[in-house]
Amino acid sequence: MLIDILGAKCVGIEAVPVTVEVDIAHGIGIHLVGLADVAVKESLLRTVTALQSLGFRIPGKKIVINLAPADVRKNGSGYDLPIAVGILAASEQKHFPGLDKYLIMGELGLDGSVREVQGALPFADLAAGMGISGCIIPLRSALEATECNDLSIFGVETLTDVIRILEEQEDCSDLLVWNTRLYRKLSRNAQRVRKPSGQDVMDFSEIIGQEGAKRGVEIAAAGGHNLIMVGPPGSGKSSLAKAMAGILPPMTTEEAIVTSKIYSVAGMKSSQIGLIRTRPFRAPHYSASLPAIIGGGAGADIRPGEVTLAENGILFLDEYGQMPKSVLEALRGPMEDRKVTISRLRSKLEYPASFMLVAASNPCPCGYYGEGDRCRCTPGQRLNYLSKLSGPVMDRIDIQLWLHPVDTVKLVGRRKGEPSEVVAQRVLKARMLQKQRFADDGIFTNAEMNNRLLEKHCQLNDECRKVMELLISRLGLSARAYSRILKVARTIADLEISRDIKPEYLREAASYRFLDRLNLETFG
């Protein structure tokens, strides 16, 4: 008897259907085909043991299990549950009238328990697109899909729960994820927690001085611009980066779906209910490898890297000058294209990578160049260190800030500035203007504009054109740096609630590109 069960496989952050076909005929042995990896092949022993522990028999016949399409490699342990259901149905030990209504995925324990799997949110999105009734997935995985209200999302903990649902002989509404005790408990906890856990968010009012740098950080947050801060130790670079996370607006539903899918596929969503609404703040150590930053893996198991995990949020690279040159140069593509393509011999995946790069670096190995006579580095050491802060990567950074230590008089007085809440309101207003502006263009911020959108939304009058011609001639700007200045000027105009770009906005935007004006010979 041939039985078909709908499963799925994640390709990038989207899911594609996989049909688990189970047939029992005369013969002997259990055969798994369909380009399965080692983890899937091991599922046979887990599944057989789980079925026997629940009192079911394994037919003494030939059992053929095919994972279709057979030319796509299958990986992971999520096929345990559909295989077990298929064996029960094909051997006629159970009758499942609701089998064709659900997408089924889950890992089985030897005692028949169901363990969580990666990619539950893309699975639910696939089920909705295919027009089926719902999904049967492990309870903790089902928490990711609680905002898919058009589907029946069943969160199961044992194979017995799955059998109850598919037999359709009793009311199983208690297994819907919204009706489970775990969901209600986590919902109550989420209402009590005001700040997101795992983030050390500073308030702008806690940072004394650095008013010019705060202004640059506010502009970067308002327009989604890349930012680098150069300064000696203790000047507040890391504090400003952490405070920046506190002024970013909440993600839109579209942004939240993409970010949540990434964390679901990566298996990093834990037991959070629904979509991720807080923008990611990723801060890898400067010794992180190239695959850790860009993404990588062996065979079909290609994992997203930090540039993808920072989607719609911040990628903070502290000690930028200490990072390997190969890693820094690899950031060129993701920063420009807002996506990253990872190629292997037998597979090729594309992940989104629309992030804000916030980098922090010392100006030299000892960290004190430009602070009187405190620097002890040789000219060669300075040139070698600052060479990482120039060229194509810096061309892609919109705002460049040079920080100096805060005057001790200000530290003693400790006059607090604007709190993050006030700054965040201005940032939110600017982001709302951009959301309206790009409603039909598929982007969210000024930093994502291409040349066509620049011509449309950054038109300059005669006075502004003269200012730009003067800036280009004086600074020797590249074409990319010119477009960066226009984008930053557009963001400054949004913060000022101005429809047009004014000459003073262009001058301020150009002032944030000190590395374009910097002659490295001065470091000698």
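Rings of Phe, Tyr and Trp (for Trp, the six-membered ring) form a pair if their centres lie within 6.5 Å; planes under 30 degrees apart count as stacked, over 60 as edge-to-face and the rest as tilted. By this rule, the count is two aromatic pairs. The model is predicted: local features need pLDDT of at least 70, side-chain atom pairs count only at pLDDT 80 or more, and totals for chains, interfaces and linings use all residues. Residues are numbered from 1 along each chain as its sequence is written, and side-chain values use heavy atoms, with hydrogens and water left out.

**View 1. The aromatic pair of Tyr102 and Phe154.** The ring centres of Tyr102 and Phe154 are 5.7 Å apart and the planes stand at 80°, so the pair is edge-to-face. Tyr102 lies in strand β5 (residues 102-104) and Phe154 in strand β9 (residues 152-156), so the pair ties together parts 52 residues apart in sequence. Strands (E, at least two residues) and helices (H or I, at least four) are DSSP runs, numbered from the N terminus. Tyr102 counts as buried at 10% relative accessibility, and Phe154 is buried at 7%. Buried means under 20% relative accessible area, exposed over 50%, and partly exposed in between (1.4 Å probe, protein chains only).

**View 2. The aromatic pair of Phe281 and Phe316.** This pair is tilted, with 6.0 Å from centre to centre and 35° between the planes. Phe281 belongs to strand β11 (residues 281-282) and Phe316 to strand β14 (residues 314-317); the pair links distant parts of the chain, 35 residues apart. Phe281 counts as partly exposed at 22% relative accessibility, whereas Phe316 counts as buried at 5%.

**View 3. The packing of helices α21 and α22.** Helix α21 (residues 479-495) and helix α22 (residues 503-511) pack at an angle of about 125°, with their axes 8 Å apart. Axes are lines fitted to C-alpha atoms, for helices over the stretch in contact, and angles run from 0 to 180 degrees between N-to-C directions. Ile485, Leu486, Val488, Ala489, Ile492 and Ala493 in α21 meet Tyr505, Leu506, Glu508, Ala509 and Ala510 in α22; contact means heavy atoms within 4.5 Å.

**View 4. Asn362 and its contacts.** Asn362 sits in the loop between β17 (356-361) and α15 (379-386). Asn362 is buried, with a relative accessible area of 10%. Apart from neighbours within four places in sequence, Asn362 is in contact with Val230, Gly231, Pro232, Pro233, Lys237, Glu319, Gly367, Tyr385 and Leu389.
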